[in-house]
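Dear colleague,

I am passing on the structure below, together with some notes on its charged side chains. Please read the notes with the model open beside them.

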Amino acid sequence: MDRAELSITVHRTGDEAVLRLAGEIDMLTAAQLSTVVNEVLADPPPRMVLDLGGVTFCDSQGLGTLVVLSRKASHMQCVLMLSNVGDFLLRVLDITGLRSALMIR
């Protein structure tokens, strides 16, 4: 079985940080995502966008991580938004009731 991979690129402008994610957000990669988001929150921009256009899979650990990171960003006066959320992930967010806990653009 191949190890799940997640690549994250960060592009920062004055008031926004965009993190482009590609691959899988799961129990093997959630810590990597947390680390990168926490690095950005060390000097928090007003808005952080997680571009999920390249995400192919997200398990319960990944969903929980997204919620925790959204709350942490909020405590740092940073709005965390999800963009390019695929249909599969929107369905999972609806089924789990987490769609209302996350800001989706």
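Is Glu-16 buried or exposed? Glu-16 is buried, having a relative accessible area of 15%, and this falls below the 20% under which a residue is called buried. Please bear in mind that the model is predicted.

A search of the whole structure finds 5 salt bridges, and I describe some of them here. Glu-16 takes part in one with Arg-47, where the closest N and O atoms are 2.6 Å apart. Because Arg-47 lies in strand S3 and Glu-16 in strand S2, this pair ties together parts that are 31 residues apart in sequence. Arg-47 itself is partly exposed, at a relative accessible area of 28%.

Arg-47 also forms a salt bridge with Asp-15, with 3.9 Å between the closest N and O atoms. Since Asp-15 sits in the loop between strand S1 (6-12) and strand S2 (16-25), while Arg-47 belongs to strand S3 (residues 47-58), the pair joins parts that are 32 residues apart in sequence. Asp-15 counts as partly exposed, with 40% relative accessibility.

A further salt bridge pairs Arg-20 with Asp-51, the closest N and O atoms being 3.7 Å apart. This pair links distant parts of the chain, with Arg-20 in strand S2 and Asp-51 in strand S3, 31 residues apart. Arg-20 is partly exposed at 43% relative accessible area, whereas Asp-51 counts as buried at 13% relative accessibility. Finally, salt bridges that share partners join Asp-15, Glu-16, Arg-47 and Arg-105 into one network.

Methods: Residues numbered from 1 in each chain as written. Predicted model: local features only at pLDDT ≥ 70, side-chain atom pairs only at ≥ 80, totals over all residues. Heavy atoms only, no water. Salt bridge = Lys/Arg side-chain N within 4 Å of Asp/Glu carboxyl O. Helix = DSSP H or I, 4+ residues; strand = E, 2+ residues; numbered from the N terminus. Buried < 20%, exposed > 50% of the residue type's maximum accessible area, 1.4 Å probe, protein only.
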